[in-house]
Amino acid sequence: MKTIRFTGYDTLSDFMAAEIATAIKNKPSLTLCMASGHTPALTAALLAKKLLDENIDYSTITFLGLDEWIGMPPENEGSCHYFFKTKLFEPLQLQPSQCFLFNSLAADMESECTKMDAVISERGGIDLMVVGIGMNGHIGFNEPGTSFATLSHIATLDETTTSVGQKYFKEKTALSKGVTIGLGHLLHAKKCFLIANGNKKAGVIKQTVEGPVTENFPASILQQHSNGFVLVDEEAASLLTTN
Ligand code: F6R
């Protein structure tokens, strides 16, 4: 794992978008898995702009949405689905056949997980993963205590996730379960970036980079990834003692 520091959110997002665009240029059949949320919002916007401005062919990539709130209608602005639709699928006119998101309203959520695992396996694993980090160290909805070997699964969200998650919604929203691609997929992804910005992420970044590797702090799995990168702005890096 390598930590890369940036002066700010803009430069970090610019770098991340450029990395993804280059990966698509180098492998047109790239399997890309991305988180939604506040951190990757600018990366997604810059990526869409870059792909269009530079006329990069993304027609054969596979896009995987990392996670979703169970029971959340896709048209809800706080859903992961809404994020991907508005920031990537619509601007880029991605074909439905190349986009895979968990159906948050499915009656059989286990089968959503099986389907996602099959898509990943058929493509020989995830090529490039871009994830954020929660205030409890979660990645996707891999909450503290989740096995590093887990594939796609249903998660009971912990108190930090349900309270911090309110920031995505216009009104107070009941959140209790999520569905997510698992840490086992992350560990086997060919390349993985964790991105974080702002003072509020300084503590969890310190734990990610300098703390013990433990399933009680999911993001510490990055230390075990041979091609894992932690991208941080100055504020998120402010508690790090190592370079
Ligand atoms: C969202 C996701 C979450 C977020 C994390 C950080 O799809 O996977 O794990 O990445 O909660 O969220 P932000 O970026 O809003 O701070």
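Tutor: A definition is needed before the spaces can be discussed. On a 1 Å grid over the protein atoms alone, a pocket is an open set of points with protein on both sides within 12 Å along at least five of seven lines, whereas a cavity is a set of points where a 1.4 Å probe fits but cannot get out. Please also keep in mind that this is a predicted model.

The space that the ligand takes is the largest pocket. The volume of this largest pocket is about 550 Å³. Its lining consists of 33 residues, and those closest to the centre of the pocket are Ser36, Gly37, His38, Lys167 and Tyr168. Sorted by class, the lining of the largest pocket comprises 13 nonpolar, 15 polar and 5 charged residues. Strand 4 (67–69), helix 3 (80–92) and helix 5 (159–164) each contribute at least two residues to this lining. The largest share comes from helix 3, which supplies 5 residues.

The ligand is surrounded by 15 residues, of which Thr39, Asp67, His138, Tyr168 and Lys201 are the closest. This shell divides into 4 nonpolar, 8 polar and 3 charged residues. Some individual contacts can be described in detail. A polar backbone atom of Ser36 lies 2.9 Å from an oxygen atom of the ligand, and a polar backbone atom of His38 is 2.8 Å from an oxygen atom of the ligand. Asp67, by contrast, uses its side chain: a polar atom there is 2.6 Å from an oxygen atom of the ligand. Taken alone, the ligand would expose 410 Å², and the protein buries 94% of that area.

The second largest pocket holds about 160 Å³ of space. Its lining is formed by Glu19, Thr22, Ala23, Lys27, Leu30, Asp127, Leu128, Lys190, Lys191, Phe193 and Asn227. By class, these residues are 4 nonpolar, 2 polar and 5 charged. Helix 1 (9–26) and strand 9 (191–196) each give at least two residues to the lining of this second largest pocket, and helix 1 gives the most, with 3 residues.

The structure contains 1 cavity of 30 Å³ or more, and the volume of the largest cavity is about 40 Å³. The residues that line the largest cavity are Ile24, Leu32, Leu47, Leu51, Ile61, Phe63, Leu88, Leu92 and Leu94. Two or more of these lining residues come from each of helix 2 (41–53) and helix 3. The lining of the largest cavity has 9 nonpolar residues, with no polar and no charged residues.

Note on methods
Residues numbered from 1 in each chain as written. Predicted model: local features only at pLDDT ≥ 70, side-chain atom pairs only at ≥ 80, totals over all residues. Heavy atoms only, no water. Near = heavy atom within 4 Å. Polar contact = N/O pair within 3.5 Å; in protein donor to acceptor, adjacent residues only side chain to side chain. Areas by Shrake-Rupley, 256 points an atom, 1.4 Å probe, with all protein chains shown as cover. 1 Å grid on protein atoms, 1.4 Å probe; cavity = no way out; pocket = protein on both sides within 12 Å on 5 of 7 lines; lining within 4 Å. Sits in = over half its atoms within 2 Å of the grid points. Nonpolar A, V, L, I, M, F, W, Y, C, P; charged D, E, K, R; others polar. Points joined across faces, edges and corners; volume = space filled by probe spheres on them. Helix = DSSP H or I, 4+ residues; strand = E, 2+ residues; numbered from the N terminus.
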